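Below is a short report on a protein complex.

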Amino acid sequence: MNEHDIESLLQSLPPAAPSAALARRVDSELEQDMQWARQPQRRPVRWLAPVMWSSLGAAAAVLVMSVAPQAVPAAHNRLAQAVDMPALLPVTTIREVVDTQDQGIRYNSQSLLPEQHVLLVSLERHAWTDPRDGAQITVEVPREESVVLPVAFQ
Amino acid sequence: MAAPFSWKQCFDQVAPNLVLYARQLTPSRADAEDVVQMAFVRWWRRFPEGDSAHIPLLYAAVRTIALDQRRSDTRRARREAESEIALPSENTPVFDPPPEQKEAAAIVTAALARLPEEQREVVTLKLWGGLTFQEIATATACSINTVAGRYRYALNALQKQLAPLKDDLVAETHGPALNLLTFSPKSEALT
């Protein structure tokens, strides 16, 4: 019996088929991947971080006028592209207030009413994960917002 | 270029060989199937076109996961406790021969079991996995000379063990069974 005979003998034996449960388990895992890919896009949950000045506006309606810097629209586009990818799952959305600047009380030119101007500097961090391979994508969006609060002199 | 294959077609073709290989590295059939499940899913996620050129990576994944599983053998116990699916018996045969080859299969299984694991691994990858020595060397992180040497030692050992049974065994076999993957032709044959 030479080497060729041995190889022929061994190769003539077909390996036993795996159990049906194995195919079902693989099917289940891969189907789960497809469900991730098919799921409708989710929007990151937005929430406002606690603001130091909340005591002023708690009782009054808050009027927010956003003055976005030039870089923000581009960041928004990148964010939208990332969110549109259906296979990604949002993990976290955090808005961190980096700085606040009291810009003083100014009078509105039209209504002539006093307004408290506050500059709010914050950083939004959005994180997504790809469930297929565990890859993580993080996008940071810097923001500067000018917050105008009504003032009542008593 | 060949049309992409579904995972099921690919799985049906490679799974028996993968389980056979995994069984050389794991203590039981259930462990081997766990390993194959994880390896195949990872591999398919990465290569969803099912190109057979990447099959050696699939065997490499089986090997890596099997060796990892040795270090942490708690997963199977947990899954058995949680699952109601009946697991295959630990005595499930390695081969599934036709009736006239049952005896030969038992003898070969015993002979293979007596080989050192590294030799058994190379023989399995070469003969049933259809990998070249170069691919086996890559998958096992060994040199090609080491792989070729292990294969020769294994065949010599098997030759000694099976020689007394030569007439019976050869009479039972019907020639070599081609084990090439049909979903993508493979022409390389490095010996």
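How many helices and strands does the secondary structure of chain A come to? In this predicted model, chain A has 4 helices and 4 strands. Chain B has 9 helices and 0 strands.

Contacts in chain A between residues at least 6 apart in sequence join residues at least 24 apart in 71% of cases. For chain B, the figure for such contacts is 71%.

**Contact between the chains**

On the chain B side, 42 residues are in contact with 27 residues of chain A. Helix 1 (7-25), helix 2 (29-46), helix 5 (102-113), helix 6 (117-128), helix 8 and helix 9 (166-172) of chain B each supply at least two residues of the side that touches chain A. By class, this side of chain B has 29 nonpolar, 9 polar and 4 charged residues.

**The nonpolar core**

The largest nonpolar core has 58 residues. Those with the most contacts inside this core are L18(B), A22(B), V36(B), A39(B), F40(B), L58(B) and V62(B). Helix 1 of chain B gives the most to the core, with 10 residues.

Apart from its neighbours within four places in sequence, L18(B) is in contact with V36(B), F40(B), L58(B) and V62(B).

**Helix 8 of chain B**

Helix 8 of chain B covers residues 144-162, which is 19 residues. At 1.5 Å a residue, helix 8 should span 27 Å, and its end C-alpha atoms are 27 Å apart, which agrees.

Which residues of helix 8 of chain B are buried? They are V147(B), R150(B), Y151(B), A154(B), L155(B), L158(B) and L162(B). These residues cover an arc of only 130° around the axis, so they sit on the same side of helix 8 of chain B. On the other side of helix 8 of chain B, N145(B) and K160(B) are exposed.

Terms used
Residues numbered from 1 in each chain as written. Chains lettered and ligands numbered in written order. Predicted model: local features only at pLDDT ≥ 70, side-chain atom pairs only at ≥ 80, totals over all residues. Expected span 1.5 Å × (residues − 1). Buried ≥ 20, exposed ≤ 12 C-beta atoms within 10 Å, placed from the backbone. Arc of directions from axis to C-beta. Contact = placed C-beta atoms within 7 Å. Nonpolar A, V, L, I, M, F, W, Y, C, P; charged D, E, K, R; others polar. Core = buried A, V, L, I, M, F, W, Y, C linked by C-beta atoms within 7 Å.
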